[in-house]
Amino acid sequence: MNQSLSDRQTANALGSGHDGQMVLALPKGRILKAVTPLMAGTGMAPSADCLGDSSRKLRFSTEDPGVDIVRVRSFDVATFVAAGGAQVGICGSDVLMEFDYPEIYAPLDLGIGACRIAVAQPAHLPHDPQEWARWSEVRVATKYPAITRRFFAARGINATIVHLHGAMELAPMLGLSRLIVDLVDTGSTLRANGLKEVETIAQVSSRLIINRTALKTRPDQIDGILSRFRNALAGTTTAAE
């Protein structure tokens, strides 16, 4: 008999889905590098091969023999945690906003990876909010279709989505869309491609996320991990001061 999805999620959250280890999902790329000093302060620093680019492995040991790390794409962290494949993870609040998984609890802002989700358009075009009020629809290139639709729907505008996973800046210059919605940090990539930021949708930072079933079934372990991160954050803040 096939096991239902909810049964598999519960089994994974309990730990019986893999080998009883607690699994922490981390995103590849810049957030992984930014979170490394914080992880060192939790006593769960990943093995050296997790931090390099040469390893083909996806699962790694940590300083804590009861905790393993899986390294996945940033957009997949929330899915792994929501489905119970990992009990804990770190991901951007942009991902949480896009997928809005009810299975995820996000108790802690880690204060890293700060940026924003913004609307941008060709720099030579004027930005007139009153003109937006006259639009009934607009074509937007983005990797955030849900966030984008909600943002424009709140203004009475139907957003036709051009769903891209990267190189959003090309869409206006190639006639694919009028606007883009993307993550913005310094804005240098926008400027280099003839675009300008015109609206901020939301501020973004990285959050510690927890599977809600694991929170109920493994409370001591989850509380211990949460306390480690809180203590590590307190230590980072004190050092900065």
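Colleague: What share of the 241 residues in the chain is buried?
Modeller: Buried residues make up 46% of them. This is a predicted model, and the chain has 11 helices and 11 strands. It exposes about 12100 Å², of which carbon and sulfur atoms supply 52%.

Colleague: Which share of the contacts with a separation of 6 or more joins residues 24 or more positions apart?
Modeller: Such pairs account for 67% of those contacts.

Colleague: Why is Met173 called partly exposed?
Modeller: Its relative accessible area is 48%. Buried requires under 20% and exposed over 50%, so a value in between is partly exposed. Met173 lies in helix α8, residues 170-173.

Colleague: What makes the nonpolar surface patch that includes Met173?
Modeller: Leu170, Met173, Leu174 and Leu176 make it, with an area of about 380 Å². A patch residue needs over 30% relative accessible area, and Met173 has 48%.

Colleague: Why does Lys28 count as partly exposed?
Modeller: Lys28 has 42% relative accessibility. The class runs between the 20% limit for buried and the 50% limit for exposed, so Lys28 belongs to it.

Colleague: Where is Lys28, and which residues does it touch beyond four places in sequence?
Modeller: Lys28 sits in the loop between β1 (22-27) and α2 (30-42). Leaving out residues up to four places away, Lys28 touches Arg71, Val72 and Arg73.

Colleague: Val77 belongs to helix α4, residues 74-82. Which residues of α4 are buried?
Modeller: They are Phe75, Val77, Ala78, Val81 and Ala82.

Colleague: What makes the pairing of the Arg116 and Glu197 side chains a polar contact?
Modeller: The distance is 2.9 Å. The cut-off for a pair of N or O atoms is 3.5 Å, so the distance meets it. Arg116 is found in strand β6, residues 115-122.

Colleague: Which other residues is Arg116 in contact with, leaving aside neighbours within four places in sequence?
Modeller: Besides Glu197, Arg116 is in contact with Asp182, Leu183, Val184, Asp185, Thr200, Ala202, Gln203 and Val204. Contact here requires heavy atoms within 4.5 Å.

Key
Residues are numbered from 1 along each chain as its sequence is written. This is a predicted model: local features need pLDDT of at least 70, side-chain atom pairs count only at pLDDT 80 or more; totals for chains, interfaces and linings use all residues. Side-chain values use heavy atoms; hydrogens and water are left out. Buried means under 20% relative accessible area, exposed over 50%, partly exposed in between (1.4 Å probe, protein chains only). Helices (H or I, at least four residues) and strands (E, at least two) are DSSP runs, numbered from the N terminus. Patches are made of residues with over 30% relative accessible area and no salt bridge: like charges are joined within 9 Å, nonpolar side chains (Val, Leu, Ile, Met, Phe, Trp, Tyr) within 5 Å. Accessible areas come from the Shrake-Rupley method with a 1.4 Å probe; for residues, only the protein chains shown count as cover. A salt bridge is a side-chain nitrogen of Lys or Arg within 4 Å of a carboxyl oxygen of Asp or Glu. A polar contact is a pair of N or O atoms within 3.5 Å; within protein, one must be able to donate a hydrogen and the other to accept it, and residues adjacent in sequence count only if both atoms are side-chain atoms.
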